[in-house]
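Please look at the model that follows and let the paragraphs below lead you from one part to the next.

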Amino acid sequence: MPEIPGSGFSILSQLQGKKLFFPLSFLTSTIVSSFLLFPLSVRAAESVVIRQGFIYATVSVKDLKEFAETGKVPLGLLGYFSFLTPEQKQQALGALNIKIKIQDETVDAIVNSQVGTRLLTDIDTIISSEQSQGGTAIKEAILLSGKSPQGLSVINFLENYPLSKIEINVPKAFQVLKRLNQGFWQTQRLLLEVLPKFPTGDFQPPPITFDPTQAGPGKVEITQIELLDQQRNRNIPVYIYSSSAATPDKPLILYSHGRGSDYQELRYLMEHLASYGYTVIVPEHPGSNATYVDKNLFLSPTEIIERPQDLIFTLDELEKLNTNDPRFKGKFNTNNTLVFGYSYGGATALALAGGEFQIDELRKNCDQSFITFSLGKATQCLAAELPKDRYHFSDPRIKRAISFAPTASVLFGKTGLNKVQVPTLILTQSSDKVTPALPEQIAIFPQIKTEKLLLGVLGATHLSVRDPGTIGDQSWIPITPISGGEVIAEASKDVRNYAKIIALATAAQLTPEAEKYQVFLTPEYYRSISTQAFPARLITDIPPETQVFIEELLETQY
């Protein structure tokens, strides 16, 4: 049979970004990302065969190991590497040298969970060997290599793979790729349909008397306190952003961070709000913050219901401090609270605003191939293991809600967001691969029946709104359907300015200055400040014809 030297690596190097998310991702997103790479980009126990019909290419694991250890390309890989750019070679070297140290019981829990078993079965469809047995070989290799003192790596995975070779079926592999992260591709199709209908004609920009992107008059300071919820055995670090401009008529802002993050996630924005006199409270969720995820990777299915309780408990404790602690007496306007969240925290915020977690509906939506899921949807699907069908965490102290790029496609079912009781703002970013705009934000927007706004930022990615100081190096992450391509730092300054404006204006609606800031909550204003790099559009509802197209897209299988 004819063998084409080099063809396999050049094709499959495009797919290898899956493994690179492993250190950052939890359970399902981890398995989707990493397990695709293990069989795809770095070959089997002795070799990997990449096959398309009668044409195949073979790569030796020994050569890969030598490359990983020395950084020099062995003779056996020269044909493959001739197809790669210097950047791709460095990415391949980086992928081979990632070592992940995880406790044995954590690895075992991941691969033996319902989600893990289903994902392994999905991934196994691209392996031609009849002996692979529905992901059993991959599972065995993961379990064995996870026990290595050096940590789980591509090389020790390959060395522990129980078969002599892995045969990759290229046509099937590309079919899998086409199905990855359906929500992201559905979003792009929606934009192709809807963008031409956006207003482009002349309009009268609203009069503006000041620049809301500039800092307010207050000098900001950050105070940390520790709260212990004895009933749930959760120690909650709480960070308080406040300034000399604080006044009693300003609402309290209660913020929920994303999965694997911390209180500095949107630091620039917290400081911006505090400089205008708002006191911002940021509790870290101990079961899903950066400290926990760095050590465990694996989140408990109960974390989705623990997080709203963290916020409620924090408000309860602040009320006590408001009365009993001289340091904080009268500082926390808990009965006039704006809840604010980002990503995983965006769903938490919607829950406190009245949204109902509909786990019975979620189980139905999650009972399908996990290959099609985004990382955000996969995270939500962990909740399928919760014991109850419905959870409700509405708090009457919440008077308004902001949710940036929330993970909300399946968690609230078909009617859970009907129960949102307060005015709500959702921010969505068109190039977000983690929480794709169409299923996670746009499709759920009509559910909300109260006063609402949807701010769409075209071209922005999931991390575009993040504080640049909290984002690690992204250059080594390849651009794939579920990873890479993040627009961050100076390149996403416009997006962060939009965030400053709309968050400040939304908070001001709970103050006597509401009318002064109302102009910053109008569609005309965002058309007037839109930049070429990041056009922004603010809407209050989705037109019926677009809603029909959305429903058709969500039924599309790629």
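Tyrosine 525 lies in helix α22, which spans residues 523-529, and in this predicted model the residue is buried, because its relative accessible area is 5% and anything under 20% counts as buried. If its neighbours within four places in sequence are left aside, tyrosine 525 is in contact with Pro206, Ile208, Pro212, Ile501, Val519 and Phe520.

Phenylalanine 357 lies in strand β9 (residues 356-358), whereas phenylalanine 393 lies in the loop between β10 (390-392) and β11 (398-404), so the pair ties together parts that are 36 residues apart in sequence. Both phenylalanine 357 and phenylalanine 393 are buried.

Phenylalanine 357 has a further partner in phenylalanine 412: their ring centres are 5.3 Å apart and their planes stand at 50 degrees, so this pair is tilted. It links distant parts of the chain, since phenylalanine 357 is in strand β9 and phenylalanine 412 is in the loop between β11 and β12 (424-429), 55 residues apart. Phenylalanine 357 counts as buried because its relative accessibility is 0%, and phenylalanine 412 is likewise buried, with a relative accessible area of 0%.

The charged end of lysine 452 sits over the ring of phenylalanine 445, at 4.6 Å from its centre, while lysine 250 lies over the face of tyrosine 278, at 4.8 Å from the ring centre.

The last stop is a pair of helices. Two packed helices are described by the angle between their axes and the distance between the axes. Helix α15 (residues 303-324) and helix α16 (residues 344-352) pack at an angle of about 60 degrees, and their axes are 9 Å apart; α15 and α16 are therefore oblique to each other. The crossing in which α15 passes α16 is right-handed. On the side of α15 the contact is made by Glu303, Ile304, Arg307, Pro308, Leu311 and Ile312, and on the side of α16 by Tyr344, Gly345, Thr348, Ala351 and Leu352.

Technical notes. Residues numbered from 1 in each chain as written. Predicted model: local features only at pLDDT ≥ 70, side-chain atom pairs only at ≥ 80, totals over all residues. Heavy atoms only, no water. Helix = DSSP H or I, 4+ residues; strand = E, 2+ residues; numbered from the N terminus. Buried < 20%, exposed > 50% of the residue type's maximum accessible area, 1.4 Å probe, protein only. Phe/Tyr/Trp six-rings, centres within 6.5 Å; stacked < 30°, edge-to-face > 60°. Lys NZ or Arg CZ within 6 Å of the ring centre and 35° of its normal. Contact = heavy atoms within 4.5 Å. Axes fitted to C-alpha atoms, helices over the stretch in contact; angles between N-to-C directions. Parallel < 35°, antiparallel > 145°, perpendicular 65-115°, else oblique. Left-handed = near helix turned anticlockwise from the far one by under 90°.
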